[in-house]
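I opened my notebook to look up a few things in a structure I had not seen before. Here it is, followed by my entries.

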Amino acid sequence: LLVAWFSGGGHWYCTREAELAINKRESQQAIDWLQLADDSSSRTHYLFAQAYRRQGDVKSVHKHLKRAKELGFTRALLQREQWLMMAQLGRLRESEKSLKRLMRGDDPHPGEICEALVTGYLRQYRFDDAGIVINAWKADYPDDPQPHFCLGMVWVHLQTWRKAAAEFQLALDIDSNHH
């Protein structure tokens with residue numbers, strides 16, 4: 001029965017669990033689920049790319065985005081993922097304008113864009129820009145712990161330890177399981 005389940009709905013279940021793990025910022029767990037899916041669909045490769053991007057594994061991101069493209073995955077989502085990776089790496093000249101345009105649109109995961117931009121701003125020591133994005137993010141998504149975590153990281157970079165600790169505590173107050 002278990003073999004029959006995995007040959008039928010198992011792929012769907014594994015990719016769904018992977019997507020949930022990605023949304024909870026549990027990248028390694030997502031990768032583990034995707035490896036169980038044992039599928040070469042374009043969506044599976046796209047999810048692999050998302051999980052690896054969150055881990056900062058550029059080589060794996062490119063590999064899976066390339067394979068997802070070859071298998072016919074949605075071009076706009078592949079481009080979005082590339083922009084997110086570039087922003088995280090601090091390559092904002094190539095990604096910032098496009099990501100801001102997506103944020104003004106109807107992107108289903110604006111927090112992901114905020115996080116990538118903030119990470120890029122921190123890499124370039126653009127603390128004021130990071131603060132602007134974080135403050136808007138906190139205002140629009142008060143139940144999301146990640147903007148507090150990111151603001152804590154800004155304070156860490158500025159060696160303002162008490163403010164960093166306070167923001168990290170706010171993140172934990174919102175979600176006690178936050179990384």
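I began with Cys150, which counts as buried because its relative accessibility is 5%. The model is predicted, so I kept to computed values here. Next I looked for the cysteine sulfur closest to that of Cys150: it belongs to Cys114, 8.9 Å away, which is too far for a bond. I then checked Cys114 itself, and it counts as buried as well, at 5% relative accessibility. My tally of disulfides for the structure is zero.

Entry two, backbone angles. Then I went looking for exceptions.

Arg25 is one: its phi is positive, about 65°, and it is not a glycine. I found Arg25 in the loop between α2 (10-23) and α3 (27-37). Is Arg25 buried, partly exposed or exposed? I put down partly exposed, because its relative accessibility is 22%.

Tyr125 is another non-glycine residue with a positive phi, this time about 60°. Where does Tyr125 lie? I traced Tyr125 to the loop that runs between α8 (110-123) and α9 (127-140). Tyr125 counts as exposed, since I have its relative accessibility at 59% and the cut-off for exposed is over 50%.

Note on methods:
Residues are numbered from 1 along each chain as its sequence is written. This is a predicted model: local features need pLDDT of at least 70, side-chain atom pairs count only at pLDDT 80 or more; totals for chains, interfaces and linings use all residues. Side-chain values use heavy atoms; hydrogens and water are left out. Helices (H or I, at least four residues) and strands (E, at least two) are DSSP runs, numbered from the N terminus. Buried means under 20% relative accessible area, exposed over 50%, partly exposed in between (1.4 Å probe, protein chains only). A disulfide is a pair of cysteine sulfur atoms within 2.5 Å.
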